[in-house]
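Please keep the sequence and the 3D view open while reading.

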Amino acid sequence: MNKISLKDSVRLTTKDGIHFLLDDTGKKTRNKPWLGDLFSFLYDRIMEKSVFPKKFNASIAEHYKILEKLFEKASDKTILEFATGSGDAVRFLKNNNIYAGVDISTGLLRIAKKKFDLHRFTRYELYNADACETPFRANTFDIAICNLSMNFFPSADRFISEAGRILQPNGIFYGCVPVPERKNSKVTIHGKLYTRDELKGLFGNKNFSFEPFPFENGALLYFKATLKTKQDRK
């Protein structure tokens, strides 16, 4: 297995194939998932039967077709997924990639591990960690992914800074988020929603070039943001 480069200061303990960060006292860093770990087994069903049709007015089948198209040429890349969830990246990523996934839910990471093993990913690592403060060294990843989770992060500014830190120059961030201009006005989508223009500004302020994709799927916006090199920032 190819090891993902970690910060020198990071201390870990590993249980059942999931890495946990340790604090200064040697105890596990605690994170509170939005969905209690006891209910993690319901996550996929909630997304398929409730969130996609009722909240997003979108097709989950079309969602994965779009992601398959976006990542069809991603091969032997070093990839970080923020908020890996139940491991549905196995549905659109090739298993020859080097993958790291972070999530604050241990329950979801356990489900993800089973999926990665089932789909014969041999170079992957899963971390119970905050997406805004990951344990990885700077300039480590070719690609970063955040699928349907950015609206739940407490600080988009901190999160985008972290994405820029862990990506190599010219690295690409792929995102999918619900946006207010596309959603049904009668539906409540939890978290902080940003318009396409607001997302462009947020990423632009962190030295990314922002490019929305033309796909149409309910309230969802698919986009990529490419980290500029120091020379391109001048």
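In this predicted model, the sulfur of Cys 176 has its closest cysteine sulfur in Cys 146, at 9.3 Å, which is too far for a bond, given that a disulfide requires the two sulfur atoms to be within 2.5 Å. The structure accordingly holds zero disulfides.

**Cysteines**
- Cys 176 counts as buried, because its relative accessibility is 2%, under the 20% cut-off.
- For Cys 132, the closest cysteine sulfur is again in Cys 146, and the distance of 9.4 Å is too far for a bond.
- Cys 132 is likewise buried, with a relative accessible area of 6%.

**The sheet**
- Nine strands form an open sheet with mixed pairing, and their order is S1-S2-S5-S4-S3-S6-S7-S9-S8.
- Strand S1 (12–15) and strand S8 (208–212) stand at the edges of this sheet, where each has a single partner strand, so one side of each is left without a neighbour in the sheet.
- From one strand to the next, the twist averages 20°.
- Strand S2 (residues 18–21) and strand S5 (residues 124–128) run parallel and are joined by three bridges, and Ile 18 has Leu 126 as its bridge partner in S5.

**Helices across the sheet**
- Helix H4 (residues 156–166) lies across several strands, including strand S3 (78–82), strand S6 (141–147) and strand S7 (167–178), and runs at about 145° to S7.
- Helix H5 (residues 196–204) lies across S7, S8 and S9, and its direction is at about 160° to S8.

Definitions and conventions. Residues numbered from 1 in each chain as written. Predicted model: local features only at pLDDT ≥ 70, side-chain atom pairs only at ≥ 80, totals over all residues. Heavy atoms only, no water. Pairing = 2+ DSSP bridges. Helix = DSSP H or I, 4+ residues; strand = E, 2+ residues; numbered from the N terminus. Axes fitted to C-alpha atoms, helices over the stretch in contact; angles between N-to-C directions. Contact = heavy atoms within 4.5 Å. Buried < 20%, exposed > 50% of the residue type's maximum accessible area, 1.4 Å probe, protein only.
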